[in-house]
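Please read it with the model open.

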Amino acid sequence: MNKLLLLVFVVLLTGVAAAQIPRTADPVRQNWPHPIPCRIQDGPNPNLFVMTLGNVQTPLAQGIFDPVKDAVKLNNGIIRENYYRDTLGIRYYRPIDKTIFPLPPSGWCSWYFYYQHVNDEEVRRNAQWIADNLKDYGAQYVQVDDGWQAEPRGSRDWTGIRPLFPRGMADLASYIKSLGLKPGIWLAPHGQSNEEVVKGNPGVFMLKPDGTSASSSWEGKWLVDPTTPETMNYLNDLFSTLTEWGYEYFKIDGQPTVVSEFRRAKSFMKNAKETDDVADLYRNTLAPIRAAIGPKSYLLGCWGIPLEGVGYMNGSRTGGDVVLSWDSFFTALSCTNRYYFLHNIVWYCDPDVMILRSPMTIDQARVWATLQGLTGQALLTSDRVMDWSEERVRIARSVYPAVDIRPLDLYPSRQNKNIWDLKVNHLNRNYDVVGVFNYDSTKPDQVYLGWKDLGLPDNAAVHVYDFWNKEYLGAWKAGMAVDVASTACRVLTLLPANDNIQLVSTSRHITQGWVDLLDLNTDAPNNTLNGKSKVMKNDPYELRFAFPPGKNFAVARAAAKSAAGGVGVKTTNHQGWSAVQIDSPQTTEITWEVSFEPADFYHYPVQALSRVRAERVGYDGVNLTWGAQYYLNVGYQVYLDGSLVGYAPQNSFPLRGLEPVRTYSVAVETVWQDGAVSPTRAELEVNIKSMLPAETYLSDLQPIRSGVGSGGGRRGMGMGRGFGRGRGQTPGRISLAGKIYEHGISIAANSQFEYDLMGIYDTFTALAGLDDSIPAESTGVEFIIAGDGKELWRSGLMKKSDAPKPLQVKVTGVKRLLIQVSAANDVSRDQADLADAKLTITKW
């Protein structure tokens, strides 16, 4: 049989074999693919990013996505067919096959510490440490990156091994497996840098008629020809060799570069037809790779996002390389925001490695770990792990392994959202694990968490537990203000309170129960809870219990046991909550039972505040502040127009989403742990419009839309500019009739700007004309000012010789101000100016 046909047959056969593997009782394998709740756009809070774990139901869902049909059925009954393929542009969409890989990979990669200076001994040292310290926590893979292949360093010659691996790559793979781990290897298989290899494999590489390379790129000096059977055999042989060495995880790099080069050099392919699709030609090269490694090996596409590999690849890097810096964290953050909708639906997303080592601060290490832990993406670290401090080890252990999290939000985002809500349903325990982030490196932040925004009841108390800081923060209604240091995050467990003692958190994993809690039962009449947990060797395991609001208990009895024995138990009682610590000399399953008895509740008579102040933030918010109290309290409750907004642990609170022309009544009271409040509230009236300056230059506002023509366009198209001191924009100038103006906006002819005035302003004034830089032969322009779709002012045709025209229009109550510049010549881009353009508020 022709070897190329045999390869195709093997691919088809392995696909059938994979489909026939019996499914176990593991619910991850049994249930997928199945319909899941989804959002297809942001809700009222645009800073919210939502994920799910388990069979979650939430009022935030805008519909149901069926991954088999690739269809979204919205709550209003509208069905969007081929949602991933057509709406999201995933041409080769198919639901991820979780039969063999029910979870994303977790482990270690050599690249981001050693780069091309990696060696055999260092890989073994890291592997041994992982086996001793992270394997029980779910780390499985040890992946050797660039630097193992033949000299010179950085080559694309896969036929040799560097001397720094004197025992060979097969021996290294065998050693990794002996530790109970899985070996992985990196390569850029479509490229080659050794001319002798090219000569020895005729028909494999694309060549020009003169015999020189048709493609020299990052992938290699030579690139394979995807149209020849010789290439298919070459790739199959290469990966068969790596598989025979014992590798089970393959990171194939530079894949978008390969597709780009195939497109550029298609004319040099031996058998390419004009009608051949380059993406399909690329996919042809993945077939022999998959055939060689088989269905039980993990294939990771890299770097950028090789969407052409969907269906062949188990996972994909979704962004560029990270480096050791806070700024580089944004590489992982941005690709998560942009491509997370693919994760655990199309393939497992890989935002690149998690870096925890110094000089990343502990706070920054927690941020990076939280990104991984709350999204469940592929989890590989790339530090010299044996150098981690005790706290950095704890951070890593808290997020290993990656678990079966998938997005609720099935759409891309370019925004770095700062509230990440992981909704969990486990053992009939429904709770949220919320990450609150501050990405700013210059100042702390205070973020409002509204229970309603998160789909939680806002009229009932919600228990709040701080995971990283290991403390219970109380049970509060409506929401709370969360203080976050710069380049830091808070991870809060939110559990709606009831009349019983509840398990609010466990210490093993950031998901707080999903990984470790195997069974949970509540005997409410006897104030007793019991369950089963998996605990780690010599790693104290904590169960955290919260009491009904206003009540207090203490542990009366706590017991835990395992089949092997030797389990120790320690209890700690606090007002409002208790913790039970369980210690085991080995990794094992334990059963536990905790009984509680009523305990005294200390009450302090909180005192009233004297005064509240408000500072404007933008056009729709204020920051409330008040003097810190001398006497004891646990915080404050804030009301807006008589309705509770939430709890503040400190003497400040952010209010956002206010209507700027409306007057609000704000009140603040002091509160104690049992919900008792001060006898009176400090009150204040807030009106944002009254807090604004009387005049605002239009150049100080950001247009919400700008574009070409009367139909509008998108922001940032370069159709106009704004000038004004304090804006931080590119320097420029406006010159009319020989006079230079420091403030104003410049708009290219046949363009428009639209501004959201929010009904704040009363008058718009400016001086309109053609800029002095425009040649005298210009055909002229016309300015049109409109408010909420109604024309307010029209200049008539203005030529270069005309004097600038002053305009003054009433804009009281106007929300959308449209400024349009048209020209007799449709292709004209003459610079039209509105000098000294300003908006005025008539003070009352």
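Buried means under 20% relative accessible area, exposed means over 50%, and partly exposed lies in between. The points below use these words in that sense. Keep in mind that this is a predicted model.

1. Tryptophan 672 has 5% relative accessibility, so it counts as buried. Tyrosine 604 has 22% and counts as partly exposed. The structure holds 44 aromatic pairs. Tyrosine 604 and tryptophan 672 form one of them, a tilted pair with 6.2 Å centre to centre and 45 degrees between the planes. Both residues sit in loops: tyrosine 604 between strands E31 (588-598) and E32 (612-617), tryptophan 672 between strands E37 (664-671) and E38 (682-686). The pair therefore ties together parts that are 68 residues apart in sequence.

2. **An edge-to-face pair.** Tryptophan 626 and tyrosine 636 also pair. Their centres are 5.1 Å apart, and the angle between the planes is 70 degrees, which makes the pair edge-to-face. Tryptophan 626 belongs to strand E33 (residues 621-626) and tyrosine 636 to strand E34 (residues 635-640). The two residues are 10 apart in the chain. Tryptophan 626 has a relative accessible area of 1%, so it is buried. Tyrosine 636 has 4%, so it is buried.

3. **An aromatic cluster.** Which residues form one aromatic cluster? They are Phe49, Trp326, Phe329, Phe330, Tyr340, Trp368, Trp420, Phe437 and Tyr439.

4. **Arginines over rings.** Arginine 156 lies over the face of tryptophan 218, 4.4 Å from the ring centre. Arginine 616 lies over the face of tyrosine 619, at 5.8 Å from the ring centre.

5. **The largest nonpolar core.** This core has 146 residues. Those with the most contacts inside it are Phe65, Tyr84, Trp148, Phe239 and Leu342. Helix H10 (residues 278-293) supplies the largest share, eight residues. Take tyrosine 84 and leave aside its neighbours within four places in sequence. Tyrosine 84 then contacts Phe65, Asp70, Gly89, Ile90, Tyr93, Phe341, Leu342, Ile345, Val346 and Leu410.

6. **A second core.** A separate core has 34 residues. Leu701, Ala766, Leu770 and Ile819 are among them.

7. **Strand E20.** Is strand E20 (residues 462-466) mostly covered or uncovered? Strand E20 is mostly covered, with five of its five residues buried. In a regular strand the side chains alternate between the two faces of the sheet. In E20, Val462, Val464 and Asp466 point one way, while His463 and Tyr465 point the other way. All of these are buried.

8. **The partners of E20.** E20 pairs with strand E21 (residues 471-476) over five bridges, in the antiparallel sense. Valine 464 has glycine 474 as its bridge partner in E21. The hairpin of E20 and E21 has four residues between the strands. There, lysine 470 takes a positive phi near 55 degrees. E20 also pairs with strand E23 (residues 488-496), again antiparallel and over five bridges. In E23, threonine 493 is the bridge partner of tyrosine 465.

9. **Strand E44.** Why is strand E44 (residues 744-748) largely enclosed by the rest of the structure? Five of its five residues are buried, so the strand is largely enclosed. Gly744, Ser746 and Ala748 point one way from E44, and Ile745 and Ile747 the other way. Five bridges join E44 to strand E51 (residues 831-840), and the two run antiparallel. Isoleucine 747 stands opposite alanine 832 in E51.

10. **A four-stranded open sheet.** The strand order is E24-E27-E30-E29, with antiparallel pairing. E24 (502-506) and E29 (568-574) stand at the edges, each with a single partner strand, so one side of each is left without a neighbour in the sheet. From one strand to the next, the twist averages 25 degrees. Strands E27 (residues 541-546) and E30 (residues 577-583) are joined by six bridges. Leucine 543 stands opposite valine 580 in E30.

Key: Residues are numbered from 1 along each chain as its sequence is written. This is a predicted model: local features need pLDDT of at least 70, side-chain atom pairs count only at pLDDT 80 or more; totals for chains, interfaces and linings use all residues. Side-chain values use heavy atoms; hydrogens and water are left out. Rings of Phe, Tyr and Trp (its six-membered ring) pair if their centres lie within 6.5 Å; planes under 30 degrees apart count as stacked, over 60 as edge-to-face and the rest as tilted. Buried means under 20% relative accessible area, exposed over 50%, partly exposed in between (1.4 Å probe, protein chains only). A charge sits over a ring if NZ of Lys or CZ of Arg is within 6 Å of the ring centre and within 35 degrees of the ring normal. Two strands pair if DSSP finds at least two bridges between them. Axes are lines fitted to C-alpha atoms, for helices over the stretch in contact, and angles run from 0 to 180 degrees between N-to-C directions. A nonpolar core is a set of buried Ala, Val, Leu, Ile, Met, Phe, Trp, Tyr and Cys residues joined through side-chain atoms within 4.5 Å. Contact means heavy atoms within 4.5 Å.
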